[in-house]
Amino acid sequence: MNIDSIHSGLVLDHIPAGRGLEIYRLLKLHRLESSVAIIQNAKSRKLGKKDIIKIDEVLDVDLDMLGYIGPGITVNVIINGERVEKRVLELPTRMVNVLKCKNPRCITTVEPELDHVFRLADRERRIYRCEYCDEKMSVIAI
């Protein structure tokens with residue numbers, strides 16, 4: 001398989017296998033005018049299999065959401081054919097508007113304009129808690 005390199009843009013690498021399309025939808029990449037390549041089930045020494053997304057445009061992406069979906073995802077910024085930045089994502093310590101609180105008594109259900117804010121309560125068990133009501137939420141299965 002031959003996927004051209006990108007001149008300027010982003011490469012999202014080390015995405016857990018099968019999660020590439022989910023990230024494509026969440027980042028709303030279908031709205032871009034530029035080329036986007038999704039590579040699924042690529043061989044990986046580290047993960048066994050992985051997905052990769054190549055975006056032929058430099059844009060802001062929600063790093064908290066990406067870190068939540070797949071701690072270990074790498075975001076590579078490519079300018080003029082050269083990698084100028086590489087970030088390895090971790091579980092974010094605080095997330096805003098990535099999750100929605102499931103507690104029907106939470107203030108966010110009656111005040112929809114409020115941001116949904118979660119803090120990482122237990123990194124090892126991947127548990128987040130709502131800043132308003134302390135409702136517990138676990139990281140989605142990876």
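# Briefing: cores, pocket and salt bridges

The largest nonpolar core has 16 residues, and Leu12, Ile23, Leu27, Ile53 and Leu66 have the most contacts inside it. A nonpolar core here is a set of buried Ala, Val, Leu, Ile, Met, Phe, Trp, Tyr and Cys residues joined through side-chain atoms within 4.5 Å. This is a predicted model, in which local features need pLDDT of at least 70 and side-chain atom pairs count only at pLDDT 80 or more, while totals for chains, interfaces and linings use all residues. Residues are numbered from 1 along each chain as its sequence is written, and side-chain values use heavy atoms, with hydrogens and water left out.

**Overall layout**

- The protein chain has 3 helices and 9 strands, where helices (H or I, at least four residues) and strands (E, at least two) are DSSP runs numbered from the N terminus.
- Along the sequence these elements follow the pattern β-α-β-β-α-β-β-β-α-β-β-β.
- The C-alpha trace spans about 50 × 30 × 25 Å along its principal axes.
- Of the 142 residues in the protein chain, 39% are buried; buried means under 20% relative accessible area, exposed over 50%, and partly exposed in between (1.4 Å probe, protein chains only).
- Among contacts (heavy atoms within 4.5 Å) with a separation of 6 or more, 56% are between residues 24 or more positions apart.

**Nonpolar cores**

- In soluble globular proteins, nonpolar side chains tend to be buried together.
- Leaving out residues up to four places away in sequence, Leu66 touches Leu12, Ile23, Leu27, Val61, Ile73, Val75 and Leu89.
- A second, separate core has 12 residues, including Met95, Cys101, Phe118 and Leu120.

**Largest pocket**

- The largest pocket has a volume of about 160 Å³.
- It is lined by 11 residues, of which Leu26, Met65, Ile69, Asn97 and Val98 are the closest to its centre.
- The lining has 8 nonpolar, 1 polar and 2 charged residues; Ala, Val, Leu, Ile, Met, Phe, Trp, Tyr, Cys and Pro count as nonpolar, Asp, Glu, Lys and Arg as charged, and the others, Gly among them, as polar.
- On a 1 Å grid over the protein atoms alone, a pocket is an open set of points where a 1.4 Å probe fits, with protein on both sides within 12 Å along at least five of seven lines, and lining residues have an atom within 4 Å of a point.
- Grid points are joined across faces, edges and corners, and the volume is the space filled by probe spheres set on the points.

**Salt bridges**

- The structure holds 5 salt bridges, each a side-chain nitrogen of Lys or Arg within 4 Å of a carboxyl oxygen of Asp or Glu.
- Asp13 pairs with Lys50, with the closest N and O atoms 2.9 Å apart.
- Asp13 lies in strand β1 and Lys50 in strand β3, so this pair ties together parts that are 37 residues apart in sequence.
- Both partners are buried: Asp13 has a relative accessible area of 14% and Lys50 one of 11%.
- Apart from neighbours within four places in sequence, Lys50 is in contact with several residues, among them Asp13, His14, Ile15, Ile39 and Asn41.
- Glu22 pairs with Arg19, the closest N and O atoms being 2.6 Å apart; Glu22 is partly exposed at 24% relative accessible area, whereas Arg19 is buried at 11%.
- Asp122 pairs with Arg125, the closest N and O atoms being 3.6 Å apart, and Arg125 is exposed at 55% relative accessibility.
- Arg119, Arg129 and Asp134 are linked in a network of salt bridges.

**Backbone and loop positions**

- Most residues other than glycine have a negative phi, and most peptide bonds are trans.
- Asn41, in strand β2, has a positive phi of about 55° although it is not a glycine, and is partly exposed at 44% relative accessibility.
- Asn80, in the loop between β4 and β5 (82-88), also is not a glycine and has a positive phi of about 50°; Asn80 is exposed, with a relative accessible area of 54%.
- Glu33 is in the loop between α1 and β2 (36-44) and is exposed, with a relative accessible area of 81%.
- Glu33 and Lys86 are 53 residues apart along the chain, and their C-alpha atoms are separated by 24 Å.
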